[in-house]
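This report describes pockets, cavities, helix packing and backbone angles in one protein structure. Please consult the sequence and the model alongside the text.

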Amino acid sequence: MDFDLTDEQQATVEAASKLLGDRSTPEALRELEQRDDLRFDRDLWAAMAGAGLLGIAVPVEHGGAGQGVLELALLLEEVGRRTAPVPALAALALGGLPIARWGTPDQQAAVLPGLAEGTVVPTAALVQPFGDPLTPSVAARRDGDGWVLDGACTNVPAGLVADLVIVPAATGDGETCLFLVPADAEGVGRERQDTTTGTPEARLTLDGVRLGTGDVLGPVDEGATALRWLVDHATVAACAVMAGAAAEAIRLTGEYTSQREQFGRPIATFQAVGQRAADAYVDTQATRLTMLQAAWRLGAGMPADREVAVAKYFAAAGGQRVVHAAAHLHGGVGVDRDYPLHRYFLLAKQLELFLGGASRQLLRLGAVLAAEGPTR
């Protein structure tokens, strides 16, 4: 693939970088953390909508820019670079992308214009209590012309602020379906779950939630395919956020070690410091490049199971090495909550485990290689 950005892609990156850089500063984040226990900067969210960023992957006919997965990944990278307090990963990747791909015209018209305008926040319940996102814990049974859902999902991103949740469910005949569940539907419960970053998620319970046929996302007989599609795209989106977070962590480290002096010279000139920083830089580049490769293949409609697993492996393992190196090279400053590095450390830990850490990705990649061989 060609890693050079087009003019349009570069314009998206520059617009996101300028807006988030101006609005998601360490001072603004600190003030928000003190006054808002949901950690959601609605003014910034509205500003992103006004700049056309929330509609980056929304079709033109629904008020968006009509761009694809790669462009969305570039935006999410900037969100991670600023640890921006907005539900971009949840709303744009977990919620918006699958509705744009699998939704009926009516479903798209009901959600996507509001997403682009910043007035509707969709998300997806992909984290299952028993670990495998492809094995839903929620049960769906037919009831006349509709469906009834029962069960629970854990750690729903932006679950407390979402208007709509995509819920995978297992039907009684062994199939999987995706359902569009309004957050205020009768029988839906949302319980706050505090997370590593401090931004809360939600445990979603469904007790006899009744839905119509118009609430099924995608063909019923393609539910398993749609769920795999959603999990792959959500995984790469998380890798994009991690790429941005790792890049900023290593930038902060370079800046700090170039200014901090010991024995009359910057500590960046010490061999051990330089080697540790270089290793972290390599991990940062590997995280970004494998993410871009996976996003490009997904956007092109090409097989990407191997690339997604590789990207998430580097995001999980490499991302952790980066933030640990950054914290160590900063010394005591690295754990000072008045210094911005701690946000990147916490975000990286949360993203490491989202939809499976490094070990799960190696297991997935090994299974693919055993089944298909080393080449396609």
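## Second largest pocket

The lining of the second largest pocket consists of Ala57, Gln67, Gly68, Val69, Leu97, Ala100, Arg101, Trp229, His233, Leu298 and Gly299. The model is a predicted one, in which local features need pLDDT of at least 70, side-chain atom pairs count only at pLDDT 80 or more, and totals for chains, interfaces and linings use all residues. Residues are numbered from 1 along each chain as its sequence is written, and side-chain values use heavy atoms, with hydrogens and water left out.

A pocket, on a 1 Å grid over the protein atoms alone, is an open set of points with protein on both sides within 12 Å along at least five of seven lines; a cavity is a set where a 1.4 Å probe fits but cannot get out, and lining residues have an atom within 4 Å of a point. The second largest pocket holds about 210 Å³ of space, a volume being the space filled by probe spheres set on grid points that are joined across faces, edges and corners. At least two lining residues each come from α5, α7 (223–259) and α8 (271–299), and α5 gives the largest share, three residues. Helices (H or I, at least four residues) and strands (E, at least two) are DSSP runs, numbered from the N terminus.

By class, this lining has six nonpolar, four polar and one charged residue. Ala, Val, Leu, Ile, Met, Phe, Trp, Tyr, Cys and Pro count as nonpolar, Asp, Glu, Lys and Arg as charged, and the others, Gly among them, as polar.

## Largest pocket

The volume of the largest pocket is about 1,000 Å³. It is lined by 48 residues, of which Thr197, Thr199, Glu201, Leu347 and Gln350 are the closest to its centre. Two or more lining residues come from each of α2 (26–35), α4 (69–81), α5 (88–102) and α10 (341–353). The largest share, eight residues, belongs to α10. The lining comprises 27 nonpolar, 14 polar and seven charged residues.

## Cavities

Four cavities of 30 Å³ or more are found in a search of the whole structure. The second largest cavity contains about 40 Å³ of space and is lined by Leu54, Ile56, Ala57, Val58, Leu92, Gly96, Leu97 and Leu115. Helix α5 supplies the largest share of this lining, three residues. Seven of the lining residues are nonpolar, one is polar and none is charged.

## Packing of α5 and α6

Helices α5 and α6 (residues 105–117) pack at an angle of about 145°, and their axes are 10 Å apart. Axes are lines fitted to C-alpha atoms, for helices over the stretch in contact, and angles run from 0 to 180 degrees between N-to-C directions.

On the α5 side, the contact (heavy atoms within 4.5 Å) is made by Ala91, Leu92, Gly96, Ile99, Ala100 and Trp102. Helix α6 contributes Gln107, Gln108, Val111, Leu112 and Leu115. Eight residues of the contact are nonpolar, three are polar and none is charged.

## Helix α8 and positive phi angles

Helix α8 has 29 residues and reaches 42 Å from its first C-alpha to its last, close to the 42 Å expected at 1.5 Å a residue; the expected span is 1.5 Å times one less than the number of residues. Gly301, which follows α8, has a positive phi near 75°.

Most residues other than glycine have a negative phi. Arg39, although not a glycine, has a positive phi of about 55° and lies in the loop between α2 and α3 (42–50). Phe263, also other than glycine, has a positive phi near 55° and is found in the loop between β9 (261–262) and β10 (265–266).
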